[in-house]
Amino acid sequence: MAKKSLLDRIQSKEAKIGIIGLGYVGLPLAVEFAKGGFSVIGIDLDEEKVRGINAGRSHIEDVESKVLKSLVKNGKITATTNYDDVTNCDVLQICVPTPLTPTKEPDISFILNATEEIAKRLHSDLLILLKSTTFPETTEKVVLPILEQKGLKVGKDFYLAFSPERIDPGNKKFTMKNTPVVVGGVTKQCTELAVCLYQVICDTVIPVSSPRIAEMTKLLENIFRCVNIALVNELARLCERMGNMDIWEVIEAASTKPYGFMPFYPGPGIGGHCIMVDPYYLSWKAREYDFHTNFIELAAETNEDMPYYVVGKVMEALSHVKVPPSEAKVLVLGAAFKRDVSDTRNSPAIKIMELIEGKVSQITYNDPYVKSIQVNGHSYNSVDLTESLLKNSDCVLIATDHSSYDPQWIGRHAKVVVDTRNAIKQIDNEKVIKLGKG
Ligand SMILES: NC(=O)c1ccc[n+]([C@@H]2O[C@H](COP(=O)([O-])OP(=O)(O)OC[C@H]3O[C@@H](n4cnc5c(N)ncnc54)[C@H](O)[C@@H]3O)[C@@H](O)[C@H]2O)c1
């Protein structure tokens with residue numbers, strides 16, 4: 001019997017799906033495809049993650065261990081550190097990190113490494129999707145030449161597309177199923193195969209004319225957030241300067257406009273692996289075209305200044321309670337970069353701790369999702385949040401407003417609070433210093 005075409009194998013779910021990188025993006029993706037009826041093999045260089053997954057233990061909040069365990073038990077998901085399994089796959093989805101170097105340039109070494117490993121085992125009839133966020137032209141000018149090194153041709157022997165990931169960790173309303181997916185293939189057939197694949201797990205798939213459009217789409221989405229957050233961060237500081245102004249009330253009022261306005265909120269800075277990082281990917285690429293993305297860089301600069309600004313607020317709070325910084329005990333609430341997740345990558349809370357370490361006598365932190373963190377190379381463990389801890393701290397900083405926190409209770413027992421998230425709503429007295437309220 002003749003071998004089924006790749007399209008048939010995808011449609012009949014006989015195609016074997018390989019997911020490269022089993023982190024915040026890769027593991028949920030592996031689970032969705034396995035739940036959709038495919039056999040999935042996950043490849044990750046981290047042996048501990050691989051062991052955990054094979055034992056049915058999830059390291060990602062959005063993936064329940066119970067669900068993972070049953071998929072592993074039924075043979076729908078297996079994980080490995082060995083790239084040789086690429087040989088058995090019909091589809092590969094690359095979900096490796098795309099961080100910045102210390103000097104804030106794109107670090108695509110993980111993409112290069114994964115692509116080179118695939119290229120060594122490239123076989124015909126393989127569909128490869130790059131999911132990692134990156135600068136426009138990565139798929140066609142970086143990944144494709146490596147894959148074609150040994151003579152196989154895209155669109156004929158194998159297929160390549162870019163499909164950005166839109167997962168929003170912790171979001172219960174928008175899941176992979178009801179969040180539209182954008183795909184852009186190198187050739188028309190590459191796009192068609194990628195569309196067909198995603199139609200299995202996703203209600204809406206949007207084909208675009210090229211990978212570079214799909215790459216730029218992802219950057220536009222994240223830079224849009226970065227720029228708007230910078231705008232409200234600037235306005236928050238202006239409201240404080242003007243006095244008798246509350247940015248939170250202003251945003252609430254502006255949000256009543258039924259069209260043409262979308263609320264964004266100020267905060268202690270931005271973090272995570274997307275909004276903090278992606279603007280730099282585009283700015284770096286733009287320079288190759290003698291183009292300076294001044295607007296985008298100003299937004300990044302404004303947001304990155306916020307942790308420094310919040311340090312000033314902590315010092316102001318300490319002067320309210322008349323405790324010299326060198327004798328002060330500061331309690332930081334929330335170490336994750338946003339509410340109800342455990343992700344601490346580029347977290348402004350940690351940046352603030354780095355900045356005040358050495359300036360204050362003691363820092364403690366609590367985060368129900370984050371057991372321990374590193375600050376300037378020193379380990380800190382999350383402490384229990386108790387009434388006596390609040391009372392004994394000279395300043396409490398609400399850096400991340402996890403929904404399990406009771407802000408009123410915090411406000412009642414703390415000596416002074418720096419509230420960067422407008423968490424404390426009803427106590428309006430001098431012991432709450434609120435970002436954006438003058
Ligand atoms: N986290 C998000 O919310 C999110 C959302 C949309 C897009 N993205 C993008 O998706 C990509 C992945 O992000 P993430 O948050 O899942 O990262 P992550 O760090 O959580 O996971 C990446 C995984 O890749 C593994 N890895 C690294 N190099 C590898 C290699 N050469 N081969 C195999 N495995 C390798 C790591 O061990 C890790 O488990 C990034 O480009 C990111 O910008 C992330």
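Modeller: Start with a pair of residues in neighbouring strands. Leu92 stands opposite Ile128 in S5. Keep in mind that this is a predicted model.

Colleague: How many bridges join S4 to S5, and do the strands run parallel or antiparallel?

Modeller: S4 and S5 run parallel, with four bridges joining them.

Colleague: Is strand S5 mostly covered or mostly open?

Modeller: To judge that, count neighbours: a residue is buried if 20 or more other C-beta atoms lie within 10 Å of its own. In S5, residues 126-130, five of five residues are buried. Now take each face in turn. Leu126, Ile128 and Leu130 cover one side, while Leu127 and Leu129 sit on the other.

Colleague: Which residues does Leu127 touch?

Modeller: Leave out residues up to four places away in sequence. Leu127 then touches Leu6, Asp90, Val91, Tyr159, Leu193, Ala194 and Leu197.

Colleague: Which residues have the most contacts inside the largest nonpolar core?

Modeller: Ala30, Leu127 and Leu160 do, in a core of 65 residues. Helix H2, residues 26-35, gives this core its largest share, six residues.

Colleague: Next, helices. At what angle do H10 and H11 pack?

Modeller: The angle is about 145°, and the axes are 10 Å apart. H10 spans residues 278-287 and H11 spans residues 294-320. The crossing of H10 past H11 is left-handed.

Colleague: Which residues meet there?

Modeller: From H10 come Pro279, Tyr280, Leu282 and Ser283. From H11 come Ile296, Glu297, Ala299 and Ala300. Sorted by type, the contact of H10 with H11 has six nonpolar residues, one polar and one charged.

Colleague: What should I look for in backbone angles?

Modeller: Most residues other than glycine have a negative phi. Lys104 has a positive one, near 65°. Asn244 is also not a glycine, and its phi is positive at about 50°.

Colleague: Where are Lys104 and Asn244 found?

Modeller: Both are in loops. Lys104 lies between strand S4 (91-94) and helix H5 (109-120). Asn244 lies between helix H8 (211-242) and helix H9 (247-254).

Colleague: Why does Lys104 count as partly exposed, and why does Asn244 count as exposed?

Modeller: Count neighbours again. Lys104 is partly exposed because it has 15 C-beta neighbours inside 10 Å. Asn244 is exposed because it has 7 inside that distance.

Terms used. Residues numbered from 1 in each chain as written. Predicted model: local features only at pLDDT ≥ 70, side-chain atom pairs only at ≥ 80, totals over all residues. Core = buried A, V, L, I, M, F, W, Y, C linked by C-beta atoms within 7 Å. Buried ≥ 20, exposed ≤ 12 C-beta atoms within 10 Å, placed from the backbone. Helix = DSSP H or I, 4+ residues; strand = E, 2+ residues; numbered from the N terminus. Contact = placed C-beta atoms within 7 Å. Axes fitted to C-alpha atoms, helices over the stretch in contact; angles between N-to-C directions. Left-handed = near helix turned anticlockwise from the far one by under 90°. Nonpolar A, V, L, I, M, F, W, Y, C, P; charged D, E, K, R; others polar. Pairing = 2+ DSSP bridges.
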